Amino acid sequence: MVETVVRAVNNAFIAEDRWRLWLSGLEMTLLITFFALLMGLVVGLFVSVIRVSHDTLEKPNLTIRILNRIVSIYVSIVRGIPVIVQVLLWSFVILATSRNHLLIGSLAFGFNSGAYVSEVFRGGILSIDKGQTEAGRSLGLGYVQTMIKIILPQAIKNCLPAFGNEFISLLKETSVASVGAITELTHVANIIRGRTFDPGPLFFVATIYLILVLFLEFLVKKMEKKLSKSDRRVKPIKRKGLRSN
């Protein structure tokens, strides 16, 4: 058993300096995840503001109506097409002439993430009491100023735990980037498996993803605890002898 493990580790990491392949794959995975998340946040915020503005304004202007139509189509298309098909389209159709794997992966997963992040933002904005908007308008702030200075800061705080979960999901989703010939972790594992005819690299890549996800989950929980401490909402008082509903 020990000899089998040692041989698998040697074939996967040590022989031919294959650990360099793992490092490059890990770097590509983390970079794609990071840039795709940033892009998803920007796109998601823009889409959510447009959709909320269209739904809440009594008489949205022509620009808002046109933009709302465009972003609604975007969300429907992205959420209706499997992410693996989207990666193939970006790799072999939209950016077929590009050799920049980081760019392809970031755009593919960024636009995909943006559609889902927009719904998180949208839910966060709608969770803010309408009185906050009315208070901002009564102070002389315009709709845009009220949204930027009052609504969005509260909505973003409410959405932070969901963004942490989106980051974790995005990290795992990047494993399908290998179908677009993008050299990330899963692709590296397949390359080494093809050279050694050993299933060991598949177990190793699964272990690497598991460690990364557990680490991110730990960070998300720490962030949630920090946010809960800063929350000044009054907690219900439990009295002895009374059943809490």
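Me: Which helices each supply at least two residues of the lining of the largest pocket?
Reply: Keep in mind that this is a predicted model. The pocket itself holds about 400 Å³ of space, and 15 residues line it. The helices that each give at least two of the lining residues are helix 2 (19-56), helix 5 (101-126), helix 6 and helix 7 (143-173).

Me: Okay, and which helix gives the most to that lining?
Reply: Lys-130 and Thr-133 are among the residues nearest the pocket's centre, and helix 6 covers residues 130-138. The helix that gives the most, with four residues, is helix 6.

Me: How many residues of the lining of the largest pocket are charged?
Reply: Start from the 15 lining residues. Eight of them are nonpolar and two are polar. That leaves the charged ones, and their number is five.

Me: What sits at the start of helix 6, and which backbone nitrogen does it reach?
Reply: Look at Asp-129, at the start of the helix. One of its side-chain oxygens comes to within 2.7 Å of a backbone nitrogen, and that nitrogen belongs to Gly-131.

Me: Where does helix 7 bend?
Reply: Try its length first: a straight helix of 31 residues would reach 45 Å, but the end C-alpha atoms of helix 7 are only 37 Å apart. Now look for a bend, and you'll find one of about 50°, with Pro-161 following within four residues. The bend is at Leu-160.

Notes:
Residues are numbered from 1 along each chain as its sequence is written. This is a predicted model: local features need pLDDT of at least 70, side-chain atom pairs count only at pLDDT 80 or more; totals for chains, interfaces and linings use all residues. Side-chain values use heavy atoms; hydrogens and water are left out. A polar contact is a pair of N or O atoms within 3.5 Å; within protein, one must be able to donate a hydrogen and the other to accept it, and residues adjacent in sequence count only if both atoms are side-chain atoms. On a 1 Å grid over the protein atoms alone, a cavity is a set of points where a 1.4 Å probe fits but cannot get out, and a pocket is an open set with protein on both sides within 12 Å along at least five of seven lines; lining residues have an atom within 4 Å of a point. Grid points are joined across faces, edges and corners, and a volume is the space filled by probe spheres set on the points. Ala, Val, Leu, Ile, Met, Phe, Trp, Tyr, Cys and Pro count as nonpolar, Asp, Glu, Lys and Arg as charged, and the others, Gly among them, as polar. The expected span of a helix is 1.5 Å times one less than its number of residues. The bend at a residue is the angle between axes fitted to the seven residues ending there and the seven starting there.
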